[in-house]
Amino acid sequence: MPGRLFWVLALTSIHPGVGRSEAAHVDLPVQRDEFGLPAIWATSLKGAVRAKAEGGLFAGPYGVDVGKKDECAKVIAAFGPKPEYASEHSSAVAFLDAKLFAVPARSLRGVWIYVTSPLLLGFAKLYSQALGVPLSLPQLPTVGEGEVALSSGRFAENNVAVINEMKFKVVGEQAPALNLPPFDKVKQITGSEPGFAVVSDQDLPRVVRRSLLVQYRVRLKKETKTVETGPWSEEYIPPFTVFITGIHCNGRVREAVRVRLPSKDDKKNEEVVELKNFDPCAYVESKAKGPLWIGGKETVGKGLVEIL
């Protein structure tokens, strides 16, 4: 059973957080992968997609709405039971961490530009092969430390590009435009073709770090409007950042699942719901694609992404 590849496009600043950290340069940093680059962990993705799928279905922590038991059964079959009943069976799909693919950066010429590197495209190739999903990616030009390849000369002046306040020497070979779904979406939103810059893997961490946003917040006392808690700092990934992720379909298609209905009688609160011709991978894909809130900051306008 094939897997699925997904693109994650940040529509606002997002904060997939790790909680408070004493060792980090901010109080509340974002999630990172094993190389220190911003990421969205599979646990956060699965939780957000499941919450979207569960919306309006479940009545209370254990039971399900009687009139929606068939749809509730699909959620349980695809994502697995509630934690209290996790031993009954596992999820039918496995989520992958969302790996960074391209990050927007400030540009002295052209306002902003997408930055990527061979390492980031390598993540995409790895996921493509692991999931058995074809993905056409261009060959990147070779750049050394302190060098950059640009998709357009409008981002440079006198053979120098200034990206995130860092100077790079422009190499002769042009960076390819990445004709992929998230960048087509960005073109629709902005009305113009985004620019691309390829930097070396050595320069990438510094460029990415300077693209991240740090916001300072305080909590005020309601009566006096004076500071009650804070200030504390929160790290955010900027809008238009692109990640790649996917799901592996393990073939564990369940023909029936047990649901728990609200009832005072424990002997009558369980029912087995049969599932006919149910494809959990297609079901999760249908629930994942589209707008999705990640990171728990939606009340302050943060965390909105689109899954493509």
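Reader: What should I know about the model before I start?
Author: It is a predicted model, in which local features need pLDDT of at least 70 and side-chain atom pairs count only at pLDDT 80 or more, while totals for chains, interfaces and linings use all residues. Residues are numbered from 1 along each chain as its sequence is written, and side-chain values use heavy atoms, with hydrogens and water left out.

Reader: What pLDDT does the protein average?
Author: The average is 86, and 86% of the residues score at least 70. pLDDT is the predictor's confidence in each residue, from 0 to 100.

Reader: Where is confidence lowest, and where is it highest?
Author: Lowest in strand β4 (residues 63-64), with a mean of 58, and highest in strand β6 (residues 98-107), at 98. Where pLDDT is low, the predicted coordinates should not be read in detail.

Reader: How many helices and strands are there?
Author: Six helices and 18 strands. Both are DSSP runs numbered from the N terminus: helices are H or I with at least four residues, strands are E with at least two.

Reader: And how much of the protein is buried?
Author: Of its 308 residues, 48% count as buried. Buried means under 20% relative accessible area, exposed means over 50%, and partly exposed is in between (1.4 Å probe, protein chains only).

Reader: Which residues have the most contacts inside the largest nonpolar core?
Author: F79, F95, V115, V148, L150 and I163, in a core of 61 residues. Helix α2 (residues 69-79) gives the most to this core, with seven residues. A nonpolar core is a set of buried Ala, Val, Leu, Ile, Met, Phe, Trp, Tyr and Cys residues joined through side-chain atoms within 4.5 Å.

Reader: Is there another core, or what lies apart from that one?
Author: Another core, of 26 residues, lies apart from it, with W7, L140, A149 and V198 among them. In soluble globular proteins, nonpolar side chains tend to be buried together.

Reader: Back to α2. Which residues in it are buried?
Author: C72, A73, V75, I76, A77, A78 and F79. C72 has a relative accessible area of 0%. Just after α2, G80 takes a positive phi of about 100 degrees.

Reader: What does V148 touch?
Author: Leaving out residues up to four places away in sequence, V148 touches V143, A161, I163, F168, K169, V170, V171, A197, V198 and V199. Contact means heavy atoms within 4.5 Å.

Reader: And T116, buried or exposed?
Author: T116 is buried, at 3% relative accessible area, and lies in strand β7. With residues up to four places away in sequence not counted, T116 touches F101, A102, L121, A197, V198 and V199.

Reader: New topic: how many aromatic pairs does the structure hold?
Author: Ten. Rings of Phe, Tyr and Trp (its six-membered ring) pair if their centres lie within 6.5 Å; planes under 30 degrees apart count as stacked, over 60 as edge-to-face, and the rest as tilted.

Reader: Why is the pair of W112 and F240 stacked?
Author: Because the ring centres of W112 and F240 are 5.3 Å apart and their planes are at 5 degrees. W112 is in strand β7 (residues 111-116) and F240 in the loop between β13 (227-236) and β14 (242-249), 128 residues apart. W112 is partly exposed, at 25% relative accessibility.

Reader: What about F183 and F196?
Author: They form an edge-to-face pair, 5.1 Å centre to centre, with 85 degrees between the planes. F183 is buried, with a relative accessible area of 2%, and F196 is buried, also with 2%.

Reader: What has a positive phi although it is not a glycine?
Author: F240, at about 75 degrees. N159 also has a positive phi without being a glycine, at about 65 degrees. Most residues other than glycine have a negative phi, and most peptide bonds are trans.

Reader: Last one: which residues does the disulfide join?
Author: C249 and C281, with S to S at 1.7 Å. A disulfide is a pair of cysteine sulfur atoms within 2.5 Å. C249 lies in strand β14 and C281 in helix α6 (residues 280-288), so the pair ties together parts that are 32 residues apart in sequence. C249 is buried, at 3% relative accessibility, and C281 is buried, at 1%.
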